[in-house]
Amino acid sequence: MNTVVLEHYQRCWFIRCFERAIAKQASAGNVPGLVHLSTGSEVADVLLGHWVDAERDHVTGSHRSHGLALACGANPIAVAKEILGREGGLSDGLAGTQHLLAPEAGFLTSNGIVGAQVPLAAGAALSAKAAAIDGTGVAVFGDGAANQGAVLETMNLAVALKLPLLFVLYNNGMAQTTAATDATAGNFCDRARSFDLAAWSADSASYDACSNAVQKAVAHTRTEGPAFLEITVTRDHGHYYGEERNGGFEHSQAIDEFGEWLVASGVPEKSLSAARQTAKNDAEAAIAEAASAPLASPEILKPWIQSTGGAGG
Amino acid sequence: MTLTQALNGALHQVMEEDEQVICIGEDIAANGGVFQVTQGLEGQFGAARVIDTPISETAFIGMAVGAAMTGLKPVVELMFCDFAGVCFDQILNQAAKARFLSNGRVKLPLVIRTTMGAGDGSGAMHSQSLHGLFASIPGLTVVCPSTPADAAGLLKAAIQIDDPVIFMENKQLYGVEGLVDEQLPLVPFGTARSARSGSDITIVAVSAMIQTALAAAQALADEGVSAEVIDPRTIKPLDIGTINNSVKKTGRLLVLDEGAAYGGFADAVIAAVSGDMFGRLKAAPRKLTPPDTPVPYAVMAEKFWLPNAQDVIKIVKTMMKGVAQ
């Protein structure tokens with residue numbers, strides 16, 4: 001078993017522990033609004049972060065993108081500060097949990113509007129194509145977003161313009177609070193194929209198979225053109241934290257199965273527990289540092305204010 | 001009764017009385033709406049009249065426009081007015097223009113219920129107040145209730161008329177309590193409400209800003225300044241007569257609004273009053289809006305962004321000195 005795989009296990013746990021610490025901060029009233037936790041998609045996030053190249057690719061994500069931003073390599077302390085509305089956040093607290101922008105890490109943006117990140121990734125793909133750097137755009141979105149016009153239009157556009165764009169659909173079965181089965185016609189891969197996209201599906205609970213699928217999809221996008229990958233994930237909390245609860249922090253099917261597979265492959269349990277402990281320590285340290293930073297000051301707005309004349313104050 | 005309960009009561013009443021009324025939106029049926037406004041409707045009226053949709057605003061707003069053109073009376077929930085960005089063609093070009101293009105032959109009894117308002121840390125794409133933007137589009141009626149009684153009464157009026165209505169519920173007001181007549185009497189459009197009478201200055205405010213205006217007016221009264229607070233209730237049609245009559249009495253106008261700093265509702269009211277009442281004004285009309293930026297996320301930045309009572313008091317005092325800045 002190579003060390004990269006164990007490192008991936010640790011990264012998954014880092015994301016889960018990061019989200020748990022964010023949830024604690026939310027419960028303590030230290031998060032300005034609601035947070036949409038990415039617990040349940042850790043394995044998918046980490047594999048995308050691994051196979052995407054921050055130097056030439058750009059990933060865009062949904063409102064539920066803490067884990068994806070971290071997996072792409074965004075600075076965890078800056079991410080945490082942004083979520084907590086602190087000085088030194090990615091955008092100094094202007095943007096917040098749903099609008100994480102870390103282009104330096106290849107994570108272009110997450111988005112407050114369901115599906116809106118998908119055409120943006122097409123733009124990143126167009127830039128990469130124009131620059132002839134063999135780069136890709138990677139649009140990560142949910143089964144809910146799959147029914148947005150912007151997403152369907154982008155599928156057509158990507159094929160028409162032969163964009164190096166990878167559509168990654170995280171299927172967690174729930175569109176906000178409506179079950180995907182009540183809101184979706186047909187099958188996602190068939191839908192993608194009808195646009196002439198190369199399409200595959202994978203389950204993030206099978207780390208190895210999922211890793212191969214992500215690798216293949218990214219490579220295809222880079223060399224052949226637009227592609228589609230549906231990854232089955234879970235949503236271990238509600239639409240937002242505090243709403244309802246599935247597995248919570250204790251049981252995330254994909255990470256648990258990843259761990260079992262590692263043990264079955266001969267990795268000693270003590271290596272796993274050490275990885276979990278390190279992840280927990282790192283995540284809690286990052287959140288603690290973020291939480292001890294000063295609240296973002298109203299001064300952050302000043303550079304953005306234009307006088308429109310006649311305003312009071 | 002809270003504003004949520006008043007809206008919920010009005011929907012129950014109207015759906016009971018008129019089978020053509022249907023509700024459409026995301027998470028509104030089984031879940032009762034993310035703000036609980038449609039709670040219990042599916043149980044009482046069934047899934048054929050209370051319809052959960054995919055996250056496909058263009059499709060379901062457009063479907064509602066078409067349904068309104070062909071006999072149904074849809075009340076659609078657009079979860080946040082920010083999401084109008086997703087489906088703006090259906091609002092701007094389809095809903096707003098169909099009656100005009102048919103020279104009145106087509107009726108369009110459509111209500112788009114949506115939310116507005118900052119103050120809960122929801123960030124730039126879930127906090128906007130776009131009533132002025134909608135009101136600038138010919139063909140749309142725009143409603144911003146600030147009390148439970150007005151919310152119920154205006155919603156009933158909105159469902160009754162044959163024009164498309166954008167009905168804007170402020171997220172910060174859902175829990176506000178108020179006395180409401182059990183019958184939920186209808187509130188006609190284009191009739192402003194005097195929220196407080198006074199003689200020195202007229203403060204026009206809508207939605208949650210009414211509360212800010214009232215708090216400021218109370219503090220100003222302690223300092224001997226008598227402020228009249230007017231809630232237009234409908235942004236369009238606007239009851240300019242009531243506002244003008246108040247300015248005739250006070251000679252001063254401040255518009256307090258959470259909407260656009262530039263080209264928004266506040267500017268529209270000031271332009272109208274300046275034109276109509278120029279000779280009566282004792283000070284230049286002023287507006288107080290958030291700065292011309294998106295809504296920031298961080299707590300103190302968002303608090304700074306929203307106009308507050310202290311800001312109102314400061315401007316009113318300046319205006320009372322007769323200094324036009």
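Select the seven-strand sheet of chain B: its order is β2-β1-β3-β4-β6-β5-β10, it is open, and its pairing is mixed. Two strands pair here if DSSP finds at least two bridges between them. Helices (H or I, at least four residues) and strands (E, at least two) are DSSP runs, numbered from the N terminus. β2 (50-52) and β10 (234-236) of chain B stand at the edges with a single partner strand each, so one side of each has no neighbour in the sheet. From one strand to the next, the twist averages 20 degrees.

This is a predicted model: local features need pLDDT of at least 70, side-chain atom pairs count only at pLDDT 80 or more, and totals for chains, interfaces and linings use all residues. Residues are numbered from 1 along each chain as its sequence is written, and chains are lettered from A and ligands numbered from 1 in the order in which they are written.

β5(B) and β10(B) run antiparallel and are joined by 2 bridges. Pick B:Val142: its bridge partner in β10(B) is B:Lys236. Now step along the chain. The peptide bond from B:Lys236 to B:Pro237 is cis, with omega near 5 degrees. B:Pro237 sits in the loop between β10 and α9 (240-250) of chain B. As background, most peptide bonds are trans.

Contact means that the C-beta atoms of two residues, placed from the backbone, lie within 7 Å. Axes are lines fitted to C-alpha atoms, for helices over the stretch in contact, and angles run from 0 to 180 degrees between N-to-C directions.

Select β7, β9, β8, β11 and β12 of chain B. These 5 strands form an open sheet in the order β7-β9-β8-β11-β12, with mixed pairing. Its edge strands are β7 (193-196) and β12 (286-288), and each pairs on one side only. Neighbouring strands are turned by 25 degrees against each other on average, direction ignored.

Zoom in on β11 (residues 253-256) and β12 of chain B. They pair in the parallel sense over 3 bridges. B:Leu254 has B:Arg286 of β12(B) as its bridge partner. α12 lies across β8 (201-205), β9 (227-231), β11 and β12, and runs at about 170 degrees to β12(B).

**Domains of chain B**

Colour chain B by domain: domain 1 is 3-173 and domain 2 is 193-319. These bounds come from an automatic or database domain assignment. The two domain centres, taken over C-alpha atoms, are separated by 27 Å. Where do they touch? 27 residues of domain 1 are in contact with 23 residues of domain 2. On the domain 1 side, α6 (131-135), β5 (141-143), α7 (148-160) and β6 (165-170) of chain B each supply at least two residues. α6(B) gives the largest share, 4 residues. That side divides into 13 nonpolar, 13 polar and 1 charged. Ala, Val, Leu, Ile, Met, Phe, Trp, Tyr, Cys and Pro count as nonpolar, Asp, Glu, Lys and Arg as charged, and the others, Gly among them, as polar.

**Across to chain A**

Show both chains. 38 residues of chain A are in contact with 38 residues of chain B. The chain A side has 16 nonpolar, 21 polar and 1 charged residues.

Select α2 (residues 42-51) and α9 (residues 207-223) of chain A. Their axes come within 10 Å and cross at roughly 40 degrees. The two helices are therefore oblique to each other. Angles under 35 degrees count as roughly parallel, over 145 as roughly antiparallel, 65 to 115 as roughly perpendicular and the rest as oblique. From α2(A), A:Val43, A:Ala44, A:Leu47, A:Leu48 and A:Trp51 meet residues of α9(A) including A:Tyr207, A:Cys210 and A:Val214. This contact has 9 nonpolar, 2 polar and no charged residues.

Last stop: A:Asp196, in the loop between α8 (188-194) and β7 (198-203) of chain A. A:Asp196 has a positive phi of about 70 degrees although it is not a glycine.
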